[in-house]
Amino acid sequence: MQDHPFYALHTHGLIRVAAATPAASVGDARANAHAMLDLARKADEDGVDLVVFPELSLTSYAIDDLHLQGAMHAATLAALGEMVDASAALSPVMLVGAALPRNGRLYNCAVVIACGRILGVVPKTFLPNYREYYEKRWFASGAGLTGLTIDLDGQSVPFGTDLIFAAEDLPGFVIHTEICEDYWAPTPPSTLGALAGATICCNLSASNIVIGKARDRAMLAAAQSARAACAYVYSAAGIGESTTDLSWDGQGLIHELGEAIAESERFLRAPALTSADIDVERIVQERLRFGTFNDAAAFAGHPEQRFRRIGFVHGAEAGDRGLRRAVHRFPFVPDDPARRDADCYEAYNIQVEALAKRLEASRAKTLVIGVSGGLDSTHALIVAAKATDRLGWSRDRILAFTMPGFATGEGTKAHAWALMRSLGVTAEEIDIRPAAQQLLADMRHPFAQGEPVHDVTFENVQAGLRTDYLFRLANQRGGIVLGTGDLSELALGWCTYGVGDQMSHYAVNAGVPKTLIQFLIRWCIRTGQYDEATNDVLAAILAQEISPELVPADASGAMQSTEAMIGPYALNDFFAHYVIRYGLKPSKIAFLAWHAWHDAEAGGWPEDLPQDARVAYDLPTIRHWLERFLTRFFQTSQFKRSALPNGPKVSPGGALSPRGDWRAPSDGTASVWLQELSQAVPHM
């Protein structure tokens with residue numbers, strides 16, 4: 001366990017929530033209170049900040065007319081008092097279901113308890129009265145009840161549907177609660193709660209189970225968390241409820257921004273807690289980017305002006321409690337094989353169709369591409385082959401050129417030729433060394449005088465000449481130049497300005513990060529997009545080290561390594577995702593990266609990832625490469641992105657086109673991000 005604040009969940013805006021499924025006792029409020037307190041104590045030991053119990057959990061839901069008995073009301077109030085007293089020694093905020101009388105009406109309520117007191121009581125708005133439900137027989141609706149109080153045990157407590165509950169010491173920990181049918185309605189109250197500022201919307205539910213209903217609940221929780229840009233915690237009644245006419249499965253769900261974070265095992269015969277860590281900072285950042293969220297608040301008359309914000313002091317946790325949510329090592333590539341295949345299918349076809357449209361619009365006679373035998377040009381070429389197939393072009397209208405330079409390896413050159421031949425494109429070779437030698441001589445560069453000076457000028461002369469040739473060849477042969485540079489290179493500025501990977505007539509890979517390109521090529525092999533000969537070449541290209549091959553091998557024969565210079569692409573793509581898509585602080589990105597990458601033995605590796613790629617990175621390594629990423633991304637590379645040619649956006653994780661997802665000054669500084677990283681992440 002680590003005791004530095006860096007490892008604490010609250011430091012990074014993470015709140016541990018739980019959907020609780022206690023063992024119900026039909027109509028015995030005291031027994032139900034004790035069952036809930038048993039789970040609350042376990043939640044406390046587990047570092048849970050918020051625990052959500054089912055609807056009417058103090059009495060149980062399916063007791064019918066017993067809800068109207070005075071003795072039951074008295075037992076409910078007594079049991080509620082026990083829970084309030086016990087909460088003084090417990091950390092979690094508790095959301096408890098209870099039927100409470102007020103002014104001659106009985107309300108189905110969520111009671112919010114924390115720190116030895118009742119923070120507020122929220123009545124159910126929508127009362128189902130169809131099929132197996134007849135709640136209007138017992139309960140009054142809370143619709144329109146705002147600004148009120150309820151007397152409980154001699155205390156006046158906020159009462160109404162206009163309540164949200166905010167931790168004063170934990171920014172972003174803001175709770176709204178609704179009850180069962182409320183989120184089946186066309187206008188769930190949690191929508192207004194979210195627009196008023198709640199980040200975690202909760203549902204106390206009874207919800208008997210019938211075939212297919214569990215899927216419906218999950219669909220609604222996912223949809224509401226996506227639509228309202230929030231987390232959604234749902235707890236349904238389970239074991240012990242009356243089965244006179246109904247049955248119960250105890251489904252617990254935790255969703256965040258449309259994504260399932262955790263789900264309970266159903267039909268358990270024992271009490272259960274389903275817990276996960278909710279990223280409220282990510283939710284807040286998403287709302288900042290989601291302009292429609294703000295428009296919806298205005299359309300609804302700014303609910304934050306109508307809701308009462310009930311404050312409480314939660315108390316910060318200390319030290320490392322672990323992290324209870326999946327952090328994907330490859331955020332651009334899903335872990336789930338079926339979803340990964342679906343994403344690869346979409347990404348590939350986005351590129352193919354975008355290129356086909358550009359070829360039609362430009363009325364090009366040919367498509368010109370430089371093929372190095374590396375990953376990016378390989379992927380661009382196979383996308384081009386498929387695009388021309390769909391247009392009904394012969395593939396020989398693709399003019400593919402391999403252009404060896406001073407450091408081109410025989411292996412990559414052989415791969416380039418093998419790929420061009422297997423695809424049936426028009427293949428040619430142009431040796432750029434004589435032209436590069438002349439250009440270096442004209443510049444009086446030491447290399448032209450026989451000195452082994454391999455500086456940035458030496459490298460960029462080669463990169464620039466390749467692009468010069470391609471553009472002039474396109475002029476000569478009625479074509480357009482297809483770019484090969486990818487999103488990862490654009491994020492890092494790992495491209496030569498005005499030429500090289502940065503410039504083309506159409507940048508088909510500009511929206512695809514390096515890690516996704518690797519999986520896309522694997523998907524193409526596995527799904528038979530090309531013939532066996534092509535697949536063999538693709539597999540060989542995947543297996544080679546990533547290198548620009550602009551500097552000759554050293555005395556030991558070691559070739560120039562891209563990742564040795566700029567860091568592992570797996571880490572850089574991880575950093576890029578959280579910077580571009582969510583705008584998270586560097587320390588938060590480091591925290592997530594450490595949880596994702598520090599244990600190579602942990603599961604979650606895609607099954608088609610080679611064993612030798614399954615590596616671990618400790619915190620000093622993560623910090624080292626993150627610092628370099630931030631410098632390159634924020635300070636040295638934006639001017640290249642500002643002049644980016646057209647190309648399709650592919651990933652919801654973001655793109656770097658100045659006409660799309662990312663706009664930034666070209667003369668900015670990385671100091672704010674570097675300072676935050678230095679101050680918040682421990683030095684090892």
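This briefing covers annotated positions, salt bridges and aromatic contacts in one protein structure. The model is predicted. UniProt, in an unreviewed entry, lists Tyr130, Ser207 and Lys213 under "binding site". A search of the whole structure finds 32 salt bridges, and the count of aromatic pairs comes to 29.

**Ser207 and Lys213**

- Ser207 is found in the loop between β10 (200-204) and α4 (213-227), while Lys213 lies in helix α4.
- Ser207 counts as buried because its relative accessibility is 3%, and buried means under 20%.
- Lys213 is also buried, with a relative accessible area of 10%.
- The side chains of Ser207 and Lys213 are joined by a polar contact of 3.4 Å.
- The side chain of Lys213 also reaches the backbone oxygen of Asn208, at 3.0 Å.
- Not counting residues up to four places away in sequence, Ser207 touches Cys180, Lys213, Arg217, Tyr234, Ala236, Trp248 and Asp249.
- With neighbours within four places in sequence left aside, Lys213 is in contact with Tyr133, Trp184, Ser207 and Asn208.

- Glu256 and Arg282 form a salt bridge in which the closest N and O atoms are 2.4 Å apart.
- This pair links distant parts of the chain, with Glu256 in strand β12 (residues 252-256) and Arg282 in helix α5 (residues 280-289), 26 residues apart.
- Glu256 and Arg282 are both buried.
- A salt bridge also joins the side chains of Lys585 and Glu281, at 3.0 Å from N to O.
- Lys585 lies in the loop between α16 (569-580) and α17 (586-597) and Glu281 lies in helix α5, so this pair ties together parts that are 304 residues apart in sequence.
- Lys585 counts as partly exposed because its relative accessibility is 34%, whereas Glu281 is buried, with a relative accessible area of 14%.

**Other salt bridges**

- Arg395 forms a salt bridge with Asp389, and the closest N and O atoms are 2.7 Å apart.
- Asp389 is partly exposed, with a relative accessible area of 33%.
- A network of salt bridges links Arg340, Asp341, Arg526, Glu607 and Asp608.

**Aromatic pairs**

- A pair of aromatic rings is described by the distance of the centres and the angle of the planes.
- Tyr61 and Trp248 form an edge-to-face pair, with 6.1 Å from centre to centre and 65° between the planes.
- Tyr61 lies in the loop between β2 (50-52) and α2 (70-87) and Trp248 in the loop between β11 (231-235) and β12, so the pair ties together parts that are 187 residues apart in sequence.
- Tyr61 counts as buried at 8% relative accessibility, and Trp248 counts as buried at 7%.
- Trp248 is also one of the residues that Ser207 touches.
- Ring pairs link Phe575, Phe629, Phe633, Phe634, Trp662 and Trp673 into a cluster.

**Charges over rings**

- The charged end of Arg329 sits over the ring of Trp605, at 3.8 Å from the ring's centre.
- Lys386 lies over the face of Tyr530, 5.1 Å from the ring centre.

Notes: Residues numbered from 1 in each chain as written. Predicted model: local features only at pLDDT ≥ 70, side-chain atom pairs only at ≥ 80, totals over all residues. Heavy atoms only, no water. UniProt positions renumbered as here; feature names shortened; annotations may be inferred. Helix = DSSP H or I, 4+ residues; strand = E, 2+ residues; numbered from the N terminus. Buried < 20%, exposed > 50% of the residue type's maximum accessible area, 1.4 Å probe, protein only. Contact = heavy atoms within 4.5 Å. Polar contact = N/O pair within 3.5 Å; in protein donor to acceptor, adjacent residues only side chain to side chain. Salt bridge = Lys/Arg side-chain N within 4 Å of Asp/Glu carboxyl O. Phe/Tyr/Trp six-rings, centres within 6.5 Å; stacked < 30°, edge-to-face > 60°. Lys NZ or Arg CZ within 6 Å of the ring centre and 35° of its normal.
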